[in-house]
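Thank you for making time for this at today's meeting.

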Amino acid sequence: MASAIELLTSHLGSAEIQHGVQQEFWRLEEQVEMRVYVRMTACDGATYLLELECTGYGDEPIAGRFVSEKHECVSSAWPRGDGAFSQWVKFDAPHLFICWPEDRLGIGHHGDWRGLQAWKRHSNQIYGYLDFVRKLLNVPSFGYSLTV
Amino acid sequence: MRVQIDVEEGNGIVATAECEASAEDTIELVVSNAAGRLGLEVEEILLDLSAGNERFERGKRVSEFGSEHRWKHRRTCIDIHFETESEEHRFPVSATWARVHHWTCNHFKVPHDLCANLELRLGSPTGPALNEKKEIGQHTGCETVWLVKPGPEPNGFGD
């Protein structure tokens with residue numbers, strides 16, 4: 001059975017992840033053991049640096065945060081949007097987290113979500129996470145806006 | 001001089017039109033004279049038009065566009081699916097996927113509000129998403145693409 005880091009590394013090299021790179025939805029910037037930094041591109045061309053903390057990958061949910069170039073989780077590093085967007089993305093300090101049953105920090109705010117084990121519904125967990133953030137930043141109904 | 005415009009699909013020329021042009025004519029004018037005979041819209045042809053290695057740019061004149069007067073317009077086949085319907089259509093190779101999205105909504109009469117929140121996926125309704133700002137590109141055979149709802153995502157409200 002593959003270790004968490006072997007599984008993570010394998011998934012990062014998958015065709016699905018590479019397709020997203022080729023489509024310029026995201027770019028893998030750095031991997032430091034179980035921590036992965038991914039540059040996400042929004043529909044308006046703005047980019048956001050997403051830190052994915054993947055301890056226990058495969059069994060545990062990923063903890064995602066938007067961070068500055070210095071890898072600091074500050075409000076200015078987070079994408080913003082309208083009321084719909086703020087249902088998923090809490091972009092105002094001190095509550096900075098992605099409110100989604102597949103995110104470890106989101107689960108921290110909604111203890112009942114842990115039992116759902118929703119992060120296990122994707123065979124490629126990190127692709128499932130990145131594809132969700134891609135939708136947040138690109139599908140109009142999710143409410144992302146650079147000007148909000 | 002005579003200008004020849006070839007329409008290329010796959011590896012073959014499927015249509016050709018010739019027309020008289022002067023060196024000072026704009027490319028848009030020459031294409032507008034030939035488009036009807038090719039059965040295509042002028043704007044579609046201009047989205048992918050080359051002369052040798054040179055690509056079309058607006059405002060250029062015939063004398064400034066390549067050394068030969070044989071131009072090429074490339075098209076590629078997309079097999080588009082929306083819900084239970086499907087249709088094969090050919091698009092300019094250099095057009096973006098956004099054109100496929102809009103064409104599909106028009107063709108299948110998808111309401112505007114719904115159309116804006118659909119996305120293109122490659123191969124199947126759950127295939128990888130396509131970036132609509134990127135060029136369609138040239139595909140072997142007919143590339144299957146689905147226009148789908150991105151799907152609801154549960155989330156917590158408030159906090």
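This is a predicted model: local features need pLDDT of at least 70, side-chain atom pairs count only at pLDDT 80 or more; totals for chains, interfaces and linings use all residues.

**A walk through two chains**

I would like to begin in chain A, where A:L8, A:H11 and A:L12 of helix α1(A) meet A:Q125, A:I126 and A:Y127 of helix α5(A). Sorted by class, the residues of this contact are four nonpolar, two polar and no charged ones.

How do the two helices lie relative to each other? The axes of α1(A), which covers residues 4-12, and of α5(A) come within 8 Å and cross at roughly 50°. Angles under 35 degrees would count as roughly parallel and 65 to 115 as roughly perpendicular, and α1(A) and α5(A) are therefore oblique to each other.

Let us stay with α5(A) and turn to the core. The largest nonpolar core has 32 residues, and among its members A:L52, A:V133 and A:L136 touch the most others. At least two residues each come from β2 (35-41), β3 (47-53), β5 (89-92), β6 (95-98) and α5 (125-138) of chain A, and α5(A) gives the most, with seven residues. If we take A:V133 and leave aside residues up to four places away in sequence, we find that A:V133 touches A:M40 and A:L50. There is also a second, separate core, which has 16 residues and includes B:A21, B:I27, B:V31 and B:A51.

In the loop between β5 and β6 of chain A sits A:P94, and the peptide bond that joins A:A93 to A:P94 is cis, with an omega of about 5°. In the loop between β6 and α4 (104-109) of chain A we find A:W100. Is A:W100 buried or exposed? A residue counts as buried if 20 or more other C-beta atoms lie within 10 Å of its own, and A:W100, with 26 of them, is therefore buried. In the loop between β1 (26-32) and β2 of chain A we come to A:E33, whose phi is near 50°, a positive value in a residue other than glycine. A:E33 has 9 C-beta neighbours inside 10 Å and so counts as exposed.

Now please move to chain B, where 15 residues are in contact with 22 residues of chain A. On the chain B side of this contact there are seven nonpolar, four polar and four charged residues. The secondary structure of chain B comes to four helices and eight strands, and from the N terminus on these elements run β-β-α-α-β-β-β-β-α-α-β-β. The C-alpha atoms of chain B fill a box of roughly 70 × 35 × 25 Å along the principal axes, and of its 159 residues 26% count as buried.

In α3 of chain B, residues 97-107, the buried residues include B:W97, B:V100, B:H101 and B:T104. Why do these residues lie on the same side of α3(B)? They cover an arc of only 100° around the axis, which puts them on the same side of the helix. In general, an α-helix has 3.6 residues a turn, so residues three or four places apart point the same way. Among the elements that cover the buried residues of α3(B) are β5 (70-82), β6 (85-92), β7 (119-122) and β8 (142-148) of chain B.

Just after α3(B), B:K109 takes a positive phi of about 55°, and B:K109 lies in the loop between α3 and α4 (112-116) of chain B. With 7 C-beta neighbours inside 10 Å, B:K109 counts as exposed.

My last stop is B:R90, which has its place in strand β6 of chain B. With 17 other C-beta atoms within 10 Å, B:R90 is partly exposed. Not counting residues up to four places away in sequence, B:R90 touches B:E9, B:R75, B:T76 and B:C77. B:R90 and B:I78 are 12 residues apart in sequence, and their C-alpha atoms are 6.0 Å apart in space.

Methods
Residues are numbered from 1 along each chain as its sequence is written. Chains are lettered from A and ligands numbered from 1 in the order in which they are written. A residue is buried if 20 or more other C-beta atoms lie within 10 Å of its own, exposed if 12 or fewer, and partly exposed in between; C-beta atoms are placed from the backbone. The arc is that of the directions from the helix axis to the C-beta atoms. Two residues are in contact if their C-beta atoms, placed from the backbone, lie within 7 Å. A nonpolar core is a set of buried Ala, Val, Leu, Ile, Met, Phe, Trp, Tyr and Cys residues joined through C-beta atoms within 7 Å. Ala, Val, Leu, Ile, Met, Phe, Trp, Tyr, Cys and Pro count as nonpolar, Asp, Glu, Lys and Arg as charged, and the others, Gly among them, as polar. Axes are lines fitted to C-alpha atoms, for helices over the stretch in contact, and angles run from 0 to 180 degrees between N-to-C directions. Angles under 35 degrees count as roughly parallel, over 145 as roughly antiparallel, 65 to 115 as roughly perpendicular and the rest as oblique.
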